[in-house]
Amino acid sequence: MKFTTPDDLRAWLDRLAQEMDLVAPRDVDGHVLYRPVTSSDEILFDYERPELSAKDYLLPATEILLRIEKQGHRPIGADAPMGNEVTQEEVLPERKQVIFGLRPCDAHGFAAIDALFLEQDPSDRYYRHHRERTVLVGLACPQMWEGCFCTSVGGAPDDAAHLDVLLRAADEGYAVEAVTEKGTTLLKGLKTEERKGDPPPSAADAELVEMADPARWRQLFEDELWVRHGERCLSCRICTYVCPACRCFDVTDRVVSEQGGVTRIERIRAWDACTSTNYRRAAGGHNSRPTKPGRIRNRFFCKFCYYPEDFGALGCVGCGRCIVSCPVDIDITEVMRDVAAR
Amino acid sequence: MSEIGKEIQHKARELLEAGQVDCVIGYEASPRGGARPAFVYEPDDTDRLIWNGACVHNLVIYLHDKKKPRKRGEEPPRVGIVVKPCDSRAINVLLAEKQIERERIYVIGVACDGMEDGTGEPPARCARCGDRMPVVYDVLLGEPPEVAPVEEDYADLARVEDLPPAERLAFWLREFDRCIRCYACRQVCPGCYCTTCMFERDDGLWVDMGIELPQKHVFHLGRALHLAGRCVECDECERVCPMELPLSLLNRRLVREVEALYDHRAGREETLTPLLFELGEEGSPL
């Protein structure tokens, strides 16, 4: 195996932080979160599962799609030629980005988003841009944490599949595996040596959750279990915002300033959540998904029925964040078991 | 099963069998340990109901879901609900604000000496709270515990208030920065029931849908202000926050202010917040 020492790893990360945007797990007021860092001193190397996924860095919670500037003003109904100058500008970060310390489930989450945002035609140009400028450097989980069930949905705590580089703790250092060409290129700056043996495998001993296929799910659309699981839902957005695979967004134009005949507007997109009351509200006020059980049903159907059928990937990577953060204990594995047992 | 748990089951069964209510909202054991909200419609289902120190949720929020009939043309459902003293204050607020009808709810009040789910410290709200008896109930379960009255303690609030303004702002911006705008604080609050929240309007002039510091800042201050004189200090907003924002500091700042000006503490009685409605001879005390 290729092996690197903690000191060499830090030196490499410090150089990366100079050259590109580096995101890594950090302690933010007692919460472990993926955050931008400027030095390896800020990085946590021994942590469980960051409380939020890393999707903010490829599908930002708020992203400016266009900056629009409008000059002049045309009175309503006037026949005069426009005389308006409208300019649109797209500003996307050009710097390379490295996400270090990514847990395999979070990389799996990007693969799930890829299925719709990258692999469909047309692809999402903003997501594609971030995807292309980003290298994913994973750090295997030594074990599965509270709520984790990655092994039930095709993942593993040391799964290299969706990463560019995978590190595993071994012998007071790290075993280094280049998974993609992108990873190989990035690793050129890291000092490594060859060592005999393999890193210890991660403990993947969590009980497997049985999965039903999409056809089975469809048969249960009208089942009473959606009321039972959905009735206590608060219609907040925690589960969708902590999820590495949820990808809904909304778009709006916001006026930033109006001065001297120039109006500056930003077209933004921001995360949205199918669990929220108004997600399905249409012009005129009609809401086609007005009840909590209906919205909860949709969330789970999206993950295990619609998304696999339409885009060929599960919408769940088994990170367990929605389970541990739900204030009223709506448990996705309990729902999966109930569906499989019906 | 605790004695009170059995009494809750018994009362729920009696109410459902007699057709006095259509649903009882209480607590059930969570398969992962602890407790969670439960909705019981059948007498034979009442053995799901439990009572223990993990029953922290304020169930009054769910009464909003029961305001409308299940089917058009029917009467709205009648509901039995299990409440602790803090929860019960929210019922008074909703009664005063004409959100619920007293005759449609049957209140199963439980005497309380603080929650303790066995995982460590009791919640901060319980350490601060001296209320042992629900303020409104149809049946009272449990004996009012003999506990020395708790002194009002605003020490944690004072630590923030004593900061110079720039540092105080920095403190709050640092907290708001962690917010993910999931709205859990709003969704869990019995007092937050606007059909469309002003912070979520498509044509909102003050705040757009961006999940950024300015929007989060405005949202949290606005949320707290909209609850001035209405917040019953159940602290559910703080409990559910995934990023542990100290929201009770904002709420209690306003609680203290309204009490000093109007001698009003939300939910102790069935009265509206005086803040928006009361102008004395000399005008508002503000």
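Start by colouring chain B by domain: the assignment, which is automatic or taken from a database, gives domain 1 (3-141) and domain 2 (155-262). This is a predicted model, in which local features need pLDDT of at least 70, side-chain atom pairs count only at pLDDT 80 or more, and totals for chains, interfaces and linings use all residues. Residues are numbered from 1 along each chain as its sequence is written, with chains lettered from A and ligands numbered from 1 in the order in which they are written.

**Between the domains.** The centres of domain 1 of chain B and domain 2 of chain B, taken over C-alpha atoms, are 26 Å apart. Where they touch, domain 1 of chain B contributes 14 residues and domain 2 of chain B contributes 11 residues; two residues are in contact if their C-beta atoms, placed from the backbone, lie within 7 Å. Select helix 2 (residues 85-96) of chain B next: with 6 residues, this helix supplies the largest share of the domain 1 side. By class, that side has 8 nonpolar, 3 polar and 3 charged residues. Here Ala, Val, Leu, Ile, Met, Phe, Trp, Tyr, Cys and Pro count as nonpolar, Asp, Glu, Lys and Arg as charged, and the others, Gly among them, as polar.

**All of chain B.** Zoom out and switch to cartoon. Chain B has 9 helices and 5 strands; helices (H or I, at least four residues) and strands (E, at least two) are DSSP runs, numbered from the N terminus. From that terminus, the order is α-β-β-β-α-β-α-β-α-α-α-α-α-α. The radius of gyration of chain B is 20 Å, close to the 19 Å that the globule rule gives for 286 residues, so chain B is as compact as a globular protein of that length. (The radius is taken over C-alpha atoms, and the rule is 2.2 Å times the number of residues to the power 0.38.) Of the 286 residues in chain B, 40% are buried. A residue is buried if 20 or more other C-beta atoms lie within 10 Å of its own, exposed if 12 or fewer, and partly exposed in between, with C-beta atoms placed from the backbone.

**Helix 1 of chain B.** Select residues 3-17 of chain B. This helix has 15 residues and reaches 21 Å from its first C-alpha to its last, close to the 21 Å expected at 1.5 Å a residue, where the expected span is 1.5 Å times one less than the number of residues. Its buried residues include Ile4(B), Ile8(B), Ala12(B) and Leu15(B). Show strands 1 (23-29), 2, 3 (79-83), 4 (105-110) and 5 (139-141) of chain B to see what the buried residues pack against. Just after the helix, Gly19(B) takes a positive phi of about 70°.

**Where chain B meets chain A.** The contact takes 25 residues from chain B and 28 residues from chain A. On chain B, select strand 2 (35-40), helix 6 (184-187) and helix 8 (236-240), each of which supplies at least two residues. Strand 2 of chain B gives the most, with 3 residues. The chain B side has 13 nonpolar, 5 polar and 7 charged residues.

**Helix 1 of chain A.** Finish at residues 6-19 of chain A. The buried residues of this helix are Leu9(A), Trp12(A), Leu13(A), Leu16(A) and Ala17(A).
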